[in-house]
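The following exercises ask you to read a structure step by step, and each task is followed by its worked solution.

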Amino acid sequence: MSDVERQWTTRLRRRAVAALPPDKLLPDTQPSYVASWIYVFGVTTMSALAVVIASGCLLALRGPQWWHTSSVGHFVNSLHLWSVEIFFFAMVVHLWGKYFMAAWRGGRSLTWVTGVVTFLTSVGAAFTGYVSQTNFDSQWISTQAKDGINATGAGAYFNVLNTGQMLMWHIVLLPLAAVLLTAIHVLLVRVKGVVPPFDERAGAPAVTNHDANDANDTNDEKVVDA
Amino acid sequence: MSFGNVVGALVPLNTLGRYVHWHFIQISVANLIVIALMVLTFVVALVAPFPGRRRRRENR
Ligand code: HEM
């Protein structure tokens, strides 16, 4: 192996391109079974997340006095809240869809697991958001939550009555984790391709025009090429 | 009058929340409505025709 071949940049680039060649990273076609509304909810969730982050950044620019008292502030605050509502709504429909498709088949278990962890992280982001409102609502929620959290012992590290700590979790740690996990989740879908339906086994009529999707399939759910 | 005032007049927001209480299950009507809407959206997503599906088949 030459020096150039041994460089970590060379090795990393080769591995990345082998796992995700450009036409798999940004495919131009999808198998025909993807032409259903149920497949729209992953992107809906992702788009809602983009609005959540953008409106959150706007809130951060001006701060609580602004979003509690000015009409533009109220508007951006509402934008933030309602994009979160759409985010969770779409995520739940998305996960129901994936559950009934058993979309973890064919070596896709990590896709499912990153989905689960993203879901839990998002719930944490929502709860820390509720206690970061700096109003009576957040006071009520945090005093209700503290006993439960203290009973688990986690209260020593995660104090829901500590506004500063909750705000930091809400605007730094949890959004960062949610966005990173979403990126991994979607890249995993790209690596494996969208899971074929149950009856799309060897022998069934081929419907895909993009064989890059099943290149990594290890089980019997393979799509046959036309 | 703002949009918020109009909506607020339709839905009384200054009262105690409404809850459905069935045996050990207790859930606010608002949350129940959201769950019903998610189930409805799920069913519609499964049965509603997806635009462009036919066109793609013709191209094959
Ligand atoms: C931030 C939240 C999430 C985002 C942005 C997201 C996004 C996506 C996207 C864009 C896809 C591509 C296919 C499609 O849209 O149907 C996908 C696939 C998938 N998602 Fe999610 N997702 C999220 C949460 C979840 C959750 C909570 C679960 C389950 C617990 C989940 C399980 C899956 C699975 C198993 C697939 C693979 C489907 C396949 O390979 O055919 N996702 N996700």
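**Exercise 1.** Which polar side-chain atom lies 3.4 Å from an oxygen atom of the ligand, that is, to which residue does this atom belong?

*Solution.* The atom belongs to A:Arg108, whose polar side-chain atom lies 3.4 Å from a ligand oxygen. This is a predicted model, in which local features need pLDDT of at least 70 and side-chain atom pairs count only at pLDDT 80 or more, while totals for chains, interfaces and linings use all residues. Residues are numbered from 1 along each chain as its sequence is written, chains are lettered from A and ligands numbered from 1 in the order in which they are written, and side-chain values use heavy atoms, with hydrogens and water left out.

**Exercise 2.** Is A:His185 buried or exposed?

*Solution.* A:His185 has a relative accessible area of 16%, and buried means under 20%, exposed over 50% and partly exposed in between, with a 1.4 Å probe and protein chains only; therefore A:His185 is buried. Next, look at its side chain, which reaches the backbone nitrogen of A:Gly115 at 3.5 Å.

**Exercise 3.** How do the residues of the shell around the ligand divide?

*Solution.* There are 13 nonpolar, nine polar and two charged residues, where Ala, Val, Leu, Ile, Met, Phe, Trp, Tyr, Cys and Pro count as nonpolar, Asp, Glu, Lys and Arg as charged, and the others, Gly among them, as polar.

Key. A polar contact is a pair of N or O atoms within 3.5 Å; within protein, one must be able to donate a hydrogen and the other to accept it, and residues adjacent in sequence count only if both atoms are side-chain atoms.
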